[in-house]
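Here is a structure to explore by question and answer. Take a look at it before reading on.

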Amino acid sequence: MTTTAPETRTAPAPYERPVELLGMIGTRDQSESRPGSGPAIDADYTRRFARAHEDGGFDRILIGYGSSWPEGTQVAAHVAAHTERLGLLVAHRPGFVAPTLAARTFATMDHFSQGRVAVHVITGGSDVEQRRDGDYLGHDERYDRTDEYLQILRRAWTSTDPFDFEGAHYRHEGYAAGVLPYGERHLPLFFGGSSAAAYRVGARHADTFMLWGEPLAETAEQVASVRAAAAEAGREAPRISVSFRPILAATDELAWERAHEVLHRIQVGAGSGLLDTAKRSAGGSPQNEGSRRLLAAAAKRDLHDRALWTPTVTAAGAGGNTTALVGSPETVAAAILDYVEIGVDTILIRGYDPLDDAIDYGRHLLPLVRQEVAHRRSSAA
């Protein structure tokens, strides 16, 4: 069977594609700046957290992955049962279940949620983290395995006939999907990473390529790398997502006061249990390229561009998307639009005070971003 590669074209202009606004939830009230208490899963808090995003107008919420975290598909099923329209972006790490089983798992969830599921593929940048779940492949081998995994996953979501697959990591004979995604759609694939291997594999398969919040110049470099990799693979460039931790207040001055309070809480170790993956790997030096890039930006200066603040990165050991956008809703909205101007069309925001921040984003930040996006799109038409 032969397939024709999608026709390549020039990169889309800003505002040509819809701007999506994403959030992220957890299963208890905890972050790098505040200690968690009680059980790992608080079902009522999880429901309220998800509903805050739905009520606030977010397009999707990310449900994260960690070797000690609650299992994401179960969290997503709980959220789906207590929301109506909110998209579910479920982080998934290839290598621990068969891709055919993963295809059925997500397709089944997509039916029960009536077409709200997307999958965020995280190959894994830390050997320490991978080995906790029994994975001993090296970095580039993991990406080669992910490449095969996503080939099978996509085919399992679209093929109505049995198919075989034989690769270095997976072998299937006569697989026939008993369930396809809801409405005969293809489940959106998000992909994270900042290494050359991540660009290569993600650009080949992803609908959206996710990056952590670096300064504008460095982000533009990554966008160019992803687009070049997509062109080499003969594909249209995927959407680009960038993630931030906005710290808002009514005025810029009050926001900076709050930012230093958040930083102090991180520094005294209130939420040190969440800093495990990057900060404790390889003797304290993170192995994954994304964390290294954040630390490099933080080493240059504290404040970049309009409002990107990096001391939270160093304090948290770059253990995830930890750069802050600090200011009033108007200032932070303008900073987000700066990224849209360089080719970003998906923004993920989550707070250091998770539930309260999500409510504030929905009330004060998202409306401003959407209003300005609509204005600039109409002006460009």
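**A barrel, a buried leucine and a helix pair**

This is a predicted model, where local features need pLDDT of at least 70, side-chain atom pairs count only at pLDDT 80 or more, and totals for chains, interfaces and linings use all residues. Residues are numbered from 1 along each chain as its sequence is written, and side-chain values use heavy atoms, without hydrogens and water.

Q: In which strand does Leu 189 lie, and is Leu 189 buried or exposed?
A: Leu 189 lies in strand 7; strands are DSSP runs of E, at least two residues, numbered from the N terminus. Buried means under 20% relative accessible area, exposed over 50%, and partly exposed in between (1.4 Å probe, protein chains only). The relative accessible area of Leu 189 is 1%, so Leu 189 is buried.

Q: How many strands form the closed barrel?
A: Two strands pair if DSSP finds at least two bridges between them. The order runs 1-2-3-4-7-8-9-14, with parallel pairing. Strand 1 and strand 14, for instance, are joined by 3 bridges.

Q: Is helix 12 oblique or roughly parallel to helix 13?
A: Helices are DSSP runs of H or I, at least four residues. Their axes are lines fitted to C-alpha atoms over the stretch in contact (heavy atoms within 4.5 Å), with angles from 0 to 180 degrees between N-to-C directions. The axes of helix 12 and helix 13 come within 9 Å and cross at roughly 45°. Under 35 degrees counts as roughly parallel, over 145 as roughly antiparallel, 65 to 115 as roughly perpendicular and the rest as oblique, so helix 12 is oblique to helix 13.
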